[in-house]
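Try each task yourself before you read its solution.

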Amino acid sequence: KTFRFNSVSSGGYFISNPNDASLPFWCFVYIQDSDGLVSFQIYHPEGEQRAVEVMNRIHGVIQNCVHRVNQQLLLESLHRNRTASTLLIPSPKKKITIVTDLEDITDAPHGK
């Protein structure tokens with residue numbers, strides 16, 4: 001299903017059907033530019049549980065779009081600058097183990 005995001009104020013949108021048919025719910029989405037926070041106000045006549053289901057679907061669509069745009073921006077930057085962003089480099093806090101000799105693993109007694 002396709003939704004149209006119609007701007008209503010700075011950072012505010014309401015969701016509608018692109019075919020101008022009415023939706024069985026209403027939803028306002030607010031995006032704060034300063035920190036990227038996305039909040040929803042949603043109503044569904046079938047109740048709160050149905051509203052949460054619709055909100056989760058819309059949230060998933062937004063997450064997928066944000067992820068895709070971020071990937072494209074990082075790849076464009078990498079191509080343009082020929083330098084990898086720090087976002088593409090593993091954090092030094094994460095321990096990375098490199099195995100150079102498989103015999104060290106296979107010959108070691110289990111539990112050590």
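**Exercise 1. Work out what share of the chain is buried.**
Start with the term: buried means under 20% relative accessible area, exposed over 50%, and partly exposed in between, using a 1.4 Å probe and protein chains only. With that cut-off, 14% of the chain's 112 residues count as buried. Before going on, keep in mind that this is a predicted model, where local features need pLDDT of at least 70, side-chain atom pairs count only at pLDDT 80 or more, and totals for chains, interfaces and linings use all residues. Residues are numbered from 1 along each chain as its sequence is written, and side-chain values use heavy atoms, with hydrogens and water left out.

**Exercise 2. Sketch the order of helices and strands.**
Helices (H or I, at least four residues) and strands (E, at least two) are DSSP runs, numbered from the N terminus. Counting them gives 2 helices and 4 strands. Now walk along the sequence, and you get β-β-β-β-α-α.

**Exercise 3. Describe the setting of asparagine 6.**
Next, check its cover: asparagine 6 counts as buried because its relative accessible area is 17%. Last, list its contacts (heavy atoms within 4.5 Å). Leaving out residues up to four places away in sequence, asparagine 6 touches Gly12, Tyr13, Phe14 and Ser16.
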